[in-house]
Amino acid sequence: MPYQRLLAELDLGFTRLRNRVVMGSMHTGMEDRFWHYPKLAAYFRERARGGVGLIITGGISPNREGWLLPFGGTLNSVFDLRNHRQLTEAVHAEGGKIALQILHAGRYGYQPFVVSASALKSPISKFKPRALSVAGIAKTVRHYARCARLAQRAGYDGIEIMGSEGYLLNQFLCPRTNKRTDDYGGSIGNRLRLAREIVERVRAACGERFIVVYRLSLIDLVEGGNTWDETVQVAKALEAAGVTMFNTGIGWHEARVPTIVTSVPRAAFAELSARLKAAVKVPVIVSNRINTPEVAEALLEQGAGDLVSMARPLLADPEFVVKTAEGRTHEINTCIACNQACLDHTFKNQRASCLVNPRAGRETELVYRPVASPQAARSVAVVGAGPAGLSAATVAAARGHRVTLFDAGASIGGQFNLAMRVPGKEEFSETIRYFQSQLQRHQVDVRLDTRVDAALLAAGAYDDVIVATGIVPRRPAISGIEGPNVLSYVDVLRGAPVGRRVAVIGAGGIGFDVSEFLLHRPGEPLPTPRDTWLDEWGVDLAVRERGGLKAPVTPQPPRDIWLLQRKAGKLGMGLGKTSGWVHRATLARNGVKMLGGVSYREISARGLKIERDGVEEWLEVDTIVVCAGQDSLRDLHPVAAEHVAVQTGGPRYHVIGGAKLAGELDAKRAIREGAEVAAAL
Ligand code: FAD
Ligand code: NAP
Ligand code: SF4
């Protein structure tokens, strides 16, 4: 049987998991408010129905000091049980198992009551923590045990103790943040004391027949983190204290090494889980950048772990497991690790969702109801097979409408065909593959190489026309812009020759992507092989030095690049909160000169003349690449240029994606608008 390891049961002695898929903890924002619990229950129910073996909730604090945000989700009294029972009952009704993650944020808390091992402020929170006293430590241990016991009473099958990513327990474990001179500081034996006491007290409070997962940081990726030998010592102590299994944690939140964005090679850190597995007897969960059943199965086969944790992939597709079991892996809506609708939302205090699956976190609100009867099915033309049109066409057809999808190009995907050529964004092709499978499954009539005009639409006598024609790249009015040394990002990404010295006009997401594209040397493999990537980011998986850091290797960049914008200030501020810094760091490491406050004066054979701070200068470049944003393509139906349907007695028009509004456009909005319009037909 394919995927036999991934789909195999796991017998823990006192309970069984139906397979090896763990939905890793992911803060959705719904945990923090009691009125969101019915929505959270629907979200978990859908994932349990899709076959996940063990679901781990987003982080819940054991007390007020541990809050991530003011009034964050807490389980510290019997009055909280009612909320949590909604979650456990929903998951159990679908045959799944669920564990509560207990997360004490320590100095990462963004609130005034923060505590830590020592009074050292973190670089990512403005609140300076108070060092816990010995009495405060004892109280914290009791609060963990109380939280675990309440979780058991709420019907959870277990808990996960969050001991990684730089949160409180990690802060006690590492010399970086633990400067104590009492029994909880100094030697590793002392630094692990708090974690060990918590596991012992939780086990004593909840008994032997309760899952206790400990998420252990296997590589801290910060100076002053632990060494591998210390990590193994911690694992052995916690195993002896009663842990049922270990989950893998990689890197602190303040680390300057990316651990989950798209450009991180798949399963880049799995080797560490394999080494932990060899050092302990209890099962180990492998995690980070595992997003397909193939990768998950291969890791189990190689012995990298006993279970596989996937969090974002299950936001992207709640049916991941059932599709795997039914041999429909080509139908999985793969997480492309963009972070745009999940982590970026969480960090902005918004409810998490998913770029490729706008229903995630909105299961009770965005509902795809089948049409009432075949007679109620509408005849729908979707013009444009970019993300917006694909989303609209597939949702409408899945509901039972008769859908014809047109595109002027030779393939579906729209701008995603360009995005997937950017190094580190190869996985955007998975979204096109997913939509292709849905077009076939729901029998959409796809007509490629067909530029739609008003006559074609009239001949089709459609009930609804969904205009998803996207955008045209903007060409700014700069003297010399028509010259032979000027290219658009479209030309460049399609392979037009580019010189050695390049100026990029416009530093939005596409300006950054094009700069990264131009840093790639022809012939170098893509996606970047794991070992090259580890060298470039200075990661030593042997964790010889504290934190697993080493000097990064930066090869000579193949081009001199100037990335420019008119706005004053730092470039890339509009990029995603959790991924923008990775793009900025990559360009900076490769010597890209990032200039803000630029006025473009003139282009000639000499290059690009700019003015900054009242001083004019020639950038003597061979090629100028224009990435100056985009304008909506609205030639199809000028009257339908606005957001809503225009009633003219003919079909109902709906305008979505880039065709509706080019500013602020991204694939998240395009796919969501497509789904919403199709859900409402
Ligand atoms: P498009 O993708 O532009 O699709 C429109 C389609 O309509 C095209 O296929 C076109 O051929 C077709 N069409 C136009 N007129 C007609 C007609 N008359 N008849 C038939 N067909 C027609 N977004 C993100 O969210 N995250 C990213 O990381 C990201 N990276 C990107 C990287 C690059 C290099 C690029 C270029 C874009 C990136 N984007 C990213 C932007 C994202 O791709 C767009 O926001 C998204 O594609 C917009 O979707 P859309 O369907 O509205 O338009
Ligand atoms: P964008 O983000 O709007 O950036 C356009 C850039 O061009 C800005 O730097 C802007 O800065 C400049 N510009 C605008 N008008 C100009 C003009 N007339 N002359 C010169 N410069 C001008 O658009 P984009 O880069 O084309 O990206 C399109 C969409 O795709 C974005 O909304 C983005 O969200 C999405 N995308 C996202 C990612 C990602 O990683 N999340 C990656 C790629 C694309 P100044 O006005 O300051 O010069
Ligand atoms: Fe994955 Fe992006 Fe969806 Fe997050 S928003 S789950 S990273 S596809």
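Before I turn to the ligands, one definition: when I speak of a helix, I mean a DSSP run of H or I that covers at least four residues, and the helices are numbered from the N terminus. What I am showing is a predicted model, so please hear every value as computed from that model.

Let me start with ligand 1, where the shell holds 35 residues, and where Gln340, Asp407, Lys425, Gly658 and Ala667 are the ones that come nearest. Five helices, namely α13 (387-399), α14 (416-419), α17 (489-493), α18 (509-518) and α21 (667-679), each contribute at least two residues to the shell around ligand 1. Sorted by class, the shell around ligand 1 consists of 19 nonpolar, 10 polar and six charged residues.

As for the polar contacts of ligand 1, an oxygen atom of the ligand is 2.6 Å from an N or O atom in the side chain of Asp407, while a polar backbone atom of Pro387 is 3.3 Å from an oxygen atom of the ligand. On the nitrogen side, a nitrogen atom of ligand 1 is 3.0 Å from a polar backbone atom of Val452. Taken alone, ligand 1 exposes 1000 Å², and the protein buries 91% of that area.

Moving on to ligand 2, there are 21 residues around it, with Ala507, Ile510, Arg566, Lys567 and Leu665 coming nearest. The shell around ligand 2 draws at least three residues from domain 2 (374-472 + 631-680) and at least three from domain 3 (486-519 + 555-628). Which helix gives the most to the shell around ligand 2? That is α18, with three residues. By class, the shell around ligand 2 has eight nonpolar, seven polar and six charged residues.

Ligand 3, finally, sits in the largest cavity. The residues that surround ligand 3 are Arg312, Leu315, Cys335, Ile336, Ala337, Cys338, Asn339, Ala341, Cys342, Cys354 and Leu355. By class, that shell divides into nine nonpolar residues, one polar and one charged.

I will end with two points of backbone geometry. Leu526 and Pro527 are joined by a cis peptide bond, with omega about -10°, and Pro527 is found in the loop between α18 and α19 (530-537). Glu165, although it is not a glycine, has a positive phi of about 60°, and this residue is found in the loop between β8 (158-163) and α4 (168-173).

Definitions and conventions:
Residues numbered from 1 in each chain as written. Chains lettered and ligands numbered in written order. Predicted model: local features only at pLDDT ≥ 70, side-chain atom pairs only at ≥ 80, totals over all residues. Heavy atoms only, no water. Near = heavy atom within 4 Å. 1 Å grid on protein atoms, 1.4 Å probe; cavity = no way out; pocket = protein on both sides within 12 Å on 5 of 7 lines; lining within 4 Å. Sits in = over half its atoms within 2 Å of the grid points. Nonpolar A, V, L, I, M, F, W, Y, C, P; charged D, E, K, R; others polar. Polar contact = N/O pair within 3.5 Å; in protein donor to acceptor, adjacent residues only side chain to side chain. Areas by Shrake-Rupley, 256 points an atom, 1.4 Å probe, with all protein chains shown as cover. Domains from an automatic or database assignment.
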